[in-house]
Amino acid sequence: MKLTFWGTRGSIAVPGPETLRYGGNTTCLALDIEGQPPVVLDAGSGIRALGLQMLDLPGPLRVNLLITHLHWDHLLGFLFFYPAYRPDVSIHLGGWPRCLEGIQGLFDSQRGDGHFPVMFEQLPSRITRDEALLAPRFDLGPVRVQTIPLNHPQGGVGLRFSRDGRSFVFLTDNELGGTRGPQLEDYARFCRGAQVLIHDAQYLPEEMDRHRGWGHSDWRSALELAQKAGVERLILTHHDPNRGDDAIDAMLDQARYQAGPGLVVEAAHEGLSLTI
Ligand SMILES: [Zn+2]
Ligand SMILES: [Zn+2]
């Protein structure tokens, strides 16, 4: 399994000199599984550049797009996902059960509401909700996908991908230490034995009091989860839009210092690619 980050930012895209190194695009990852159709995780603004690259792929082309939840920062890029405008492309939506509703809702509603000039029905590609790609578990060819509810306003789904004893977990938009929903022990059980954990770290520990209930975590809770679950590598993501590159470096320094030598800690940046 090869995983590549195309968007690492939370809440809203933030291009500019402050975000050049970690990237300004919102959440989108590409997952390549040998011999399988391309898989995309979330359709934040990072999906635009990914889609541009996918235009070179020969048709007919199937794309599996897994949506974690319906917040704008995980959907809006789909409007500019160019393969959706190709008649020889079929897009299978999965992950969160309301994935199709979310994507449809981006386009004009036929009432001329002025949100976007194209109606969903006018798209040349075939876009469907694939029952075989929904929670609680499903397969992408040889890769087994398990899910867990996210602790996030309006809900969402966390994903674990496993193949031949190797796994990675993607928990974006997830508040650890919340009073409702799955608890730290539940997430630790879900992540146990995975090589890589990708987790929301939008806030600093000292910012959490002001943001309780917002559905995001700080690096220290993500670290605690990684250590409890015994993963080898923690990748912090969903960076706060107001946190520039230097501030992310500082956050990472603190997290690495606290982690010690047993755990590799990184901050996701656009273009980061890993083979699991
Ligand atoms: Zn988000
Ligand atoms: Zn969200």
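This is a predicted model: local features need pLDDT of at least 70, side-chain atom pairs count only at pLDDT 80 or more; totals for chains, interfaces and linings use all residues.
Throughout these legends, buried means under 20% relative accessible area, exposed means over 50%, and partly exposed lies in between (1.4 Å probe, protein chains only). Residues are numbered from 1 along each chain as its sequence is written, ligands are numbered from 1 in the order in which they are written, and side-chain values use heavy atoms, with hydrogens and water left out.

**View 1. The zinc site.** Asp73 (OD), His74 (NE2), Asp173 (OD) and His238 (NE2) coordinate the zinc ion (ligand 1) at 2.1 to 2.2 Å. Donors here are N, O and S atoms within 2.8 Å of the metal (3.2 Å for Na, K and Ca); water is not among the atoms, so sites may look incomplete. The 4 donor atoms subtend angles of 93 to 161°, so the arrangement is irregular: tetrahedral would need all four-donor angles between 85 and 135 degrees, while square planar (four) or octahedral (six) would need opposite donors over 155 degrees apart and all others between 65 and 115. The zinc ion (ligand 2) sits 3.5 Å from the zinc ion (ligand 1), and Asp173 coordinates both. His74 and Asp173 are both buried.

**View 2. Helix α3 and its neighbours.** Helices (H or I, at least four residues) and strands (E, at least two) are DSSP runs, numbered from the N terminus. In α3, the residues Leu184, Tyr187, Ala188, Phe190 and Cys191 are buried. Seen down the axis of α3, these fall within an arc of 160°, so they line one face of the helix; the arc is that of the directions from the helix axis to the C-beta atoms. They pack against β8, β9, β10, β11 and α4, where contact means heavy atoms within 4.5 Å.

**View 3. A phenylalanine cluster.** Phe78, Phe80, Phe81, Phe107, Phe116 and Phe120 form one aromatic cluster. Rings of Phe, Tyr and Trp (its six-membered ring) pair if their centres lie within 6.5 Å, with planes under 30 degrees apart counted as stacked, over 60 as edge-to-face and the rest as tilted. The structure holds 6 aromatic pairs. The rings of Phe78 and Phe107 have centres 6.3 Å apart and planes at 85°, so this pair is edge-to-face. Both Phe78 and Phe107 are buried. Phe80 and Phe116 also pair edge-to-face, at 5.9 Å centre to centre and 85° between the planes. Phe80 is partly exposed, with a relative accessible area of 43%.
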